[in-house]
Amino acid sequence: MKEIKKGIVELEGRGATRKLGLEIANALEPGDVVALVGELGTGKTALTGYIAEGLGIKEEVVSPTFTIVKLYEEGRIPLAHFDIYRLGGSEELLDVGAGEIIGGRYASVIEWADIAADILPADSLLVHLSYGEGEDERRAEIL
Amino acid sequence: MKDDRLLTLGIETSCDETAAAVVADGRIVMSNIISSQIDIHTQYGGVVPEIASRKHLERINDVIQNALNDAEVRASDIDLIGVTYGPGLVGALLIGVAAAKTMAYALDKPLIGVNHMHGHIAANYLEYQELDPPFMSLVVSGGHTEIVNVTDYNKCEKIGGTRDDAAGEAFDKIARVIGLGYPGGPKIDRAAREGDRNAIHFKRVYLEEGSYDFSFSGLKTQALNYLNSERQAGREINTNDVAASFQEAVVEVIADKAVSAALEFKRNKIVMAGGVASNTRLRELLEEKAAEHGIEILKPSPLLCTDNAAMIASAAYYAYRCGERSGFDLDAVPGLEF
């Protein structure tokens, strides 16, 4: 992964979330993992959508909560979008075949990554999303 | 007993359920086995559903055998084999596809790969013996919220879908936040009956004029903001009112768009499909709004609304009648579109 600025970013509205998503997309290389952590409604799927946009994926990114993973092949780098909200732990993530996807030719974005933190690569980009002051504001902590 | 009817064996393993069924002439359910029903007593109780593909592997042979036994036919009596090849979890889909290919090869019978979502729509052919296309279909489930214009048995076009969360997913997430547990859809439905749907106003999201797409992510955020501000103010939260108000905001938009789509494409029937089709308020509101325009609402029984293999068998039968065949190179396609 190319260098990306670490620290806290205040996201005041969708435009700021998009800017962060495009920036992350720009830094991604095959095999990279973006681990998204944050409560319901803090914008994990939205951020993933902007990362996909930055990779040149035209298809709409919808929440894959029920299928756990959705693969997008059309971008600069193919994207694997995981949403592991329903899973009980890393073993179940491996059961859905994640072992063959993560670290391979795909860049992976994993929502609710804390559920399977023990099997994620040590160099994963961790983005912690939380609510900001106002209703449309979010905070991203990049680690 | 084998008679002159065309018997289709359907196999479905796209997500949580391992299922097999035998359907005669695409319309008559001879058997319909869903594995989670067998051990429903041990499985039920707020747990995250088992999604491991090895569970499908452990069960698939028994489930198929049970389907044949229940239908009182032998494997050699089967004329056609239909199987879900997407969308779904890749490891889960592969088990069903491998089983179907093996049986088709061993029995020397045609194989049809079925799109799971087409199967949900076909569930209505099992419920309503006289139903023929064209009609408008509303497919609502944990993973889907789609409006589909069905022009023939093997022809349909998705005219709108969710841009973020599916309706069932939104119900599941809000149910968890207000402490109702899993599965969220039925629990929200039940709690909502005790609540006031006008207690809290959540803004309806209709997107652009004329769009049949949905967005429920913002609604989810509205509900979370409401819960946070109430908690911060130290006010007690009425779970039933939240459930009723949230559900109303979801189903009202769905009902409005489905009726608009039926009117635009001049369809006199809206055929519901998928697990969320069992939501009582969605059906009630849809019937109310449709009745104003003389549109009829059809919905399969709850057993046929959930993931099952009878619907896959029916869809396979009609695909077969329309001349479709799958080869032994049939593969699972997890992200299969409509």
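1. Two residues are taken to be in contact if their C-beta atoms, placed from the backbone, lie within 7 Å. Axes are lines fitted to C-alpha atoms, for helices over the stretch in contact, and angles run from 0 to 180 degrees between N-to-C directions. On these terms, helix H10 (residues 280–291) of chain B lies across E9 and E10 of chain B, running at about 155° to E10(B). Helices (H or I, at least four residues) and strands (E, at least two) are DSSP runs, numbered from the N terminus.

2. The model is predicted: local features need pLDDT of at least 70, side-chain atom pairs count only at pLDDT 80 or more, and totals for chains, interfaces and linings use all residues. Residues are numbered from 1 along each chain as its sequence is written, while chains are lettered from A and ligands numbered from 1 in the order in which they are written.

3. Chain A contains three helices and seven strands, arranged along the sequence as β-α-β-α-β-β-α-β-β-β. Its radius of gyration is 14 Å, close to the 15 Å that the globule rule gives for 143 residues, so chain A is as compact as a globular protein of that length. The radius is taken over C-alpha atoms, and the rule is 2.2 Å times the number of residues to the power 0.38. The C-alpha trace of chain A spans about 40 × 30 × 30 Å along its principal axes.

4. A residue is called buried if 20 or more other C-beta atoms lie within 10 Å of its own, exposed if 12 or fewer, and partly exposed in between, with C-beta atoms placed from the backbone. By this count, 46% of the 143 residues of chain A are buried. Among the contacts in chain A with a separation of 6 or more, 67% are between residues 24 or more positions apart.

5. Chain B has twelve helices and ten strands. A compact globule with 338 residues would have a radius of gyration near 20 Å, and the 20 Å of chain B agrees. Along the principal axes, the C-alpha atoms of chain B fill a box of roughly 65 × 45 × 30 Å. Buried residues amount to 54% of the 338 residues in chain B. Of the contacts in chain B with a separation of 6 or more, 76% link residues 24 or more positions apart.

6. Chain B is divided into domain 1 (7–129 + 305–321) and domain 2 (135–301), with bounds from an automatic or database domain assignment. The centres of the two domains of chain B, taken over C-alpha atoms, are separated by 27 Å. Where they meet, 14 residues of domain 1 are in contact with 18 residues of domain 2. On the domain 1 side, H5 and helix H12 (310–321) of chain B each supply at least two residues, and the largest share, seven residues, comes from H5(B). By class, this side has nine nonpolar, four polar and one charged residues. Ala, Val, Leu, Ile, Met, Phe, Trp, Tyr, Cys and Pro count as nonpolar, Asp, Glu, Lys and Arg as charged, and the others, Gly among them, as polar.

7. Chain B holds an open sheet of five strands in the order E8-E7-E6-E9-E10, with mixed pairing. Two strands pair if DSSP finds at least two bridges between them. Strand E8 (155–161) and strand E10 (296–298) of chain B are the edge strands, each pairing on one side only. Neighbouring strands of this sheet are turned by 25° against each other on average, direction ignored.

8. Strand E6 (residues 135–140) and strand E7 (residues 145–152) of chain B run antiparallel and are joined by six bridges; B:Val139 has B:Glu146 in E7(B) as its bridge partner. Six bridges also join E7(B) to E8(B), again antiparallel, and B:Asn149 is partnered by B:Glu157 in E8(B). A hairpin connects E7(B) to E8(B) through two residues.

9. Helix H5 (residues 116–127) of chain B lies across E6, E7, strand E9 (269–273) and E10 of chain B, at about 120° to E9(B). In the loop between H10 and E10 of chain B sits B:Glu292. This residue, B:Glu292, is exposed, with 8 other C-beta atoms within 10 Å. B:Glu292 and B:Val259 are 33 residues apart in sequence and 9.9 Å apart in space, C-alpha to C-alpha.

10. Between the chains, 19 residues of chain A are in contact with 27 residues of chain B. Strand E3 (69–72) and helix H3 (90–95) of chain A each supply at least two residues of the chain A side. That side has six nonpolar, seven polar and six charged residues.
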